[in-house]
Amino acid sequence: MTGFGESHAQLNGLAVTVEVRAVNNRYFKLNIRGAEGYACFEPQIEALVRKHAKRGTINVNYRVHREASGDDFRLNAAVLKSYLEQLRGVSTQLGLAETPHWDSLLQLPGVIEEKNSEAIDVDSDWPLLEKVLTEALTRFTQMRREEGKAMAADLASNCQEIAAQLAEVEKLAPQVVENYRSRITERLNKLLEEFDVTTDPASVIREVGVFADRTDISEEIVRLKSHLDQYASIMAKEDSAGRKLEFLTQEMFRETNTIGSKANDSEIARRVVEMKTCVERIREQIQNVE
């Protein structure tokens, strides 16, 4: 399921911004991009994300900005002194009386040293980062929940259509055997009249019985009804059930396909096509369900 959530906060000169995005994926995949020096928090970030998502490709981007203070910079007196001595020596050799300007000296490499990012105590930044990430994940989950409601309505609609078509198939199934009995009896009567012979009624009954057994779809109908009931029950629960629904979808497709291959009736075949179309829609959607 897709989703997006962001949040930002500032405290004691520390500013944190977090964005969480997700795209569809049958499995869980997490990509984290953050500020330099904060990679140590990736296990904690993953643990938080897993509380909100079980499937999908999740991208977490966070930025941490710290306001500069006087303690973050240091004047390297030794380097500055070296520059001055070298400049004075060159000026003496060339007979120059101009004194170097301080603004130019301070821009020379190594004169101003910035505190190394490794020297920053990032552990003290985790509470604020955790708070902002949790807020972003909460908004991310809310967006996914809204998408899930729309998806659940679509899944329910397809299941209702399958149930409606299945009810019609169940009504038509007994008539398939009766139609076959009528056809075979009619053909035999024509042949018997043409060749003036008789036949054993038991042979006709036996042939019709074999056909009835071969085309019996009662078990498939019962199982498909059960799958539809389980589907409705699982979707009514709050727990993550994407994989359960995916398995049930596979079973629904198998039963529908078997009904189509066994029924041997054009009207049932037409309704099976409608059911398989709905199952295919469900199969496409269900891979994105949390």
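Helices (H or I, at least four residues) and strands (E, at least two) are DSSP runs that are numbered from the N terminus. On this basis, the secondary structure of the protein comes to eight helices and six strands, and from the N terminus on the elements follow the order β-β-β-α-β-β-α-α-β-α-α-α-α-α. The structure is a predicted model, in which local features need pLDDT of at least 70 and side-chain atom pairs count only at pLDDT 80 or more, while totals for chains, interfaces and linings use all residues. Residues are numbered from 1 along each chain as its sequence is written, and side-chain values use heavy atoms, with hydrogens and water left out.

The predictor's confidence in each residue is expressed as pLDDT, on a scale from 0 to 100. The mean pLDDT of the protein is 81, and 78% of its residues reach 70 or more. Among the elements, helix 1 (residues 42-52) has the highest mean pLDDT, at 94, whereas helix 5 (residues 201-214) has the lowest, at 58. Where pLDDT is low, the predicted coordinates should not be read in detail.

Of the 290 residues in the protein, 32% are buried, a term that stands for under 20% relative accessible area, with exposed meaning over 50% and partly exposed the range in between (1.4 Å probe, protein chains only). The accessible surface, computed by the Shrake-Rupley method with a 1.4 Å probe and, for residues, with only the protein chains shown counting as cover, comes to about 17900 Å² for the protein, of which 51% belongs to carbon and sulfur atoms. Of the contacts (heavy atoms within 4.5 Å) in the protein with a separation of 6 or more, 81% are accounted for by residues 24 or more positions apart.

A search of the whole structure finds two aromatic pairs, where rings of Phe, Tyr and Trp (its six-membered ring) pair if their centres lie within 6.5 Å, and planes under 30 degrees apart count as stacked, over 60 as edge-to-face and the rest as tilted. Tyr38 and Phe41 form a tilted pair, with 6.0 Å from centre to centre and 45° between the planes. Tyr38 counts as buried because its relative accessibility is 7%, and Phe41 is likewise buried, with a relative accessible area of 3%. Together with Trp126, Tyr38 and Phe41 form one aromatic cluster.

Helix 4 (residues 126-195) contains Asn158, which counts as buried because its relative accessibility is 5%. The side chain of Asn158 reaches the backbone oxygen of Asp154 at 2.9 Å, and, when residues up to four places away in sequence are not counted, Asn158 touches Cys278, Arg281 and Ile282. Ala152 is also found in helix 4, but at 32% relative accessibility Ala152 counts as partly exposed. Although Ala152 and Ala236 are 84 residues apart along the chain, their C-alpha atoms are separated by 9.4 Å.

In helix 6 (residues 218-235), His227 is buried, with a relative accessible area of 10%, and touches Leu248, Glu251, Met252 and Glu255, again not counting residues up to four places away in sequence. By contrast, Asn12 is found in the loop between strand 1 (3-11) and strand 2 (14-23), and counts as exposed because its relative accessibility is 76%. Asn12 has a positive phi of about 50°, although it is not a glycine.

Technical notes
Polar contact = N/O pair within 3.5 Å; in protein donor to acceptor, adjacent residues only side chain to side chain.
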